[in-house]
Amino acid sequence: MALDISVVVPLYNERESLPELAQWIDSVCKSEGLSYEIIMVDDGSDDGSWQVVEQLKAQYGDKIKAIHFMRNYGKSAALYCGFEAAEGEVVFTMDADLQDSPDEIPEMRRMILEDGLDMVSGWKKKRYDPAGKRLPSKFFNWTARIVSGIKLHDFNCGLKAYRQEVVKNIEVYGEMHRYIPYLAKNAGFANIGEKPVRHQARQFGKSKFMGWNRFVNGYLDLLSLWFLNSFGLKPMHIFGFIGSLMFFLGFIA
C-alpha cells in the first residue's frame, strides 16, 4: 500500500534540531491520519548528526529512512537521492533546521490532491534570516521569475510539496535545487502553485547557505537551464548561428 507522504530532509550538521523535527512531523501526520516516511539524507555531517539519525531510526522504525554521504556533496545531491528513495503519493522537502513548519503539510497536500497542482512551493513572506541572506535572495527571486516565466515569490524555499511523478522525472544536480520549479516546468509539470508559509527563527547553529559565491554559482546554473530550455529542443538554431558566424568570419578573413 502506497504511503500518503514522504518528507525528504537534507541535512548537514543539524544534530540538535533532528529529534524535535522528527517528533513534529510524526505528531502532524498522526493527527491527520497520514501514513508517512521521513527520508533523512546526511550530507557528510561531522557534528554527530548521523549518530542522531541512527537513534531516530531505532526509535521510529521504518518511518525513518536514512541515507549517509561520506563527504559533503551539496543539497542538490541530497535531494536527488531522497527523491529516488521516496515512496509517498505526495513528496515534501523540508530543511532540517526547524525554520520550516511541518504544520503546513496538510494544506499543501490538499492543494496537490484536491486542487490538482503538480507542485506547491512555500513562500516565506516574513523571514527570520539575516540581511546578508535576505537581500541577495530578493534579487535572485526577481531574476528567476523573469528567466523562468514562473510567478513565484520564493523559488528557494526549502518547504515544497510535489506529486510523486514530478520528483521521479526531474534530475537535481550542481546547484539546481534552487530551480526545481523551473526543472519541473521543463519536464512538463507546469501546474505550479504557491502557499505563504510560516518561517521560524533558527534555534541551533548557523545557516550553511550564506555568501555571494553561492549566488554566482546559482546564476551560472540558471543560465545553463535557460540555454537548454531555449535551444535544447531546437539545437539547429544554435548550431546554425555558430555556423553562420564561422562562415562570416571566414569570409572577412
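Accessible areas here come from the Shrake-Rupley method with a 1.4 Å probe, and for residues only the protein chains shown count as cover. This is a predicted model, in which local features need pLDDT of at least 70 and side-chain atom pairs count only at pLDDT 80 or more, while totals for chains, interfaces and linings use all residues. Residues are numbered from 1 along each chain as its sequence is written, and side-chain values use heavy atoms, with hydrogens and water left out.

**Figure 1. The whole protein, before we zoom in.** The protein exposes about 12600 Å², and carbon and sulfur atoms supply 57% of that area. Its secondary structure comes to 9 helices and 7 strands; helices (H or I, at least four residues) and strands (E, at least two) are DSSP runs, numbered from the N terminus. Of the 253 residues, 48% count as buried, where buried means under 20% relative accessible area, exposed over 50%, and partly exposed in between (1.4 Å probe, protein chains only). A contact means heavy atoms within 4.5 Å. Among contacts between residues at least 6 apart in sequence, 80% join residues at least 24 apart.

**Figure 2. Helix 1 and its cover.** Helix 1 takes in residues 18–32, and at 1.5 Å a residue its 15 residues should span 21 Å, which agrees with the 21 Å between its end C-alpha atoms. The expected span is 1.5 Å times one less than the number of residues. Buried residues of this helix include Leu18, Leu21, Trp24, Ile25 and Val28, with Asp26 also among them. Their cover includes strand 1 (3–11), strand 2 (36–43), helix 2 (49–60) and helix 4 (105–113).

**Figure 3. Glu16, in the run-up to helix 1.** Look for Glu16 in the loop between strand 1 and helix 1. Glu16 counts as partly exposed, because its relative accessibility is 38%. Glu16 and Ser49 are 33 residues apart in sequence, yet their C-alpha atoms are 8.0 Å apart in space.

**Figure 4. Asp42 and its surroundings.** Asp42 belongs to strand 2. With 0% relative accessibility, Asp42 counts as buried. Leaving aside residues up to four places away in sequence, Asp42 touches Leu11, Ser49, Trp50, Ile67, His68 and Phe69.

Figure 5. Side chains of opposite charge can pair when their charged atoms come close. A salt bridge is a side-chain nitrogen of Lys or Arg within 4 Å of a carboxyl oxygen of Asp or Glu, and a search of the whole structure finds 11 of them. In one, the side chains of Glu37 and Lys65 meet at 3.1 Å, N to O. This pair links distant parts of the chain, with Glu37 in strand 2 and Lys65 in strand 3 (residues 64–69), 28 residues apart. Glu37 is buried at 2% relative accessible area, whereas Lys65 is partly exposed at 23%. In another, Glu104 pairs with Lys195, the closest N and O atoms being 2.6 Å apart. Glu104 lies in the loop between strand 4 (88–93) and helix 4, and Lys195 in strand 7 (residues 192–196), so the pair ties together parts that are 91 residues apart in sequence. Glu104 is buried, with a relative accessible area of 10%, and Lys195 is buried too, with 16%.

Figure 6. Arg110 forms a salt bridge with Glu107, with 2.9 Å between the closest N and O atoms. Both residues lie in helix 4, 3 residues apart, about one turn of the helix. Arg110 is partly exposed at 27% relative accessibility, and Glu107 is partly exposed at 32%. Salt bridges that share partners join Glu107, Arg110, Glu114 and Asp115 into one network.

**Figure 7. A nonpolar surface patch.** Phe139, Trp142 and Ile146 make a nonpolar surface patch of about 350 Å². Patches are made of residues with over 30% relative accessible area and no salt bridge; like charges are joined within 9 Å, and nonpolar side chains (Val, Leu, Ile, Met, Phe, Trp, Tyr) within 5 Å. Ile146 sits in helix 5 (residues 131–148) and counts as exposed, at 54% relative accessibility.

Figure 8. The structure holds 0 disulfides, a disulfide being a pair of cysteine sulfur atoms within 2.5 Å. Cys29 is buried at 1% relative accessibility, and Cys157 is buried at 2%.
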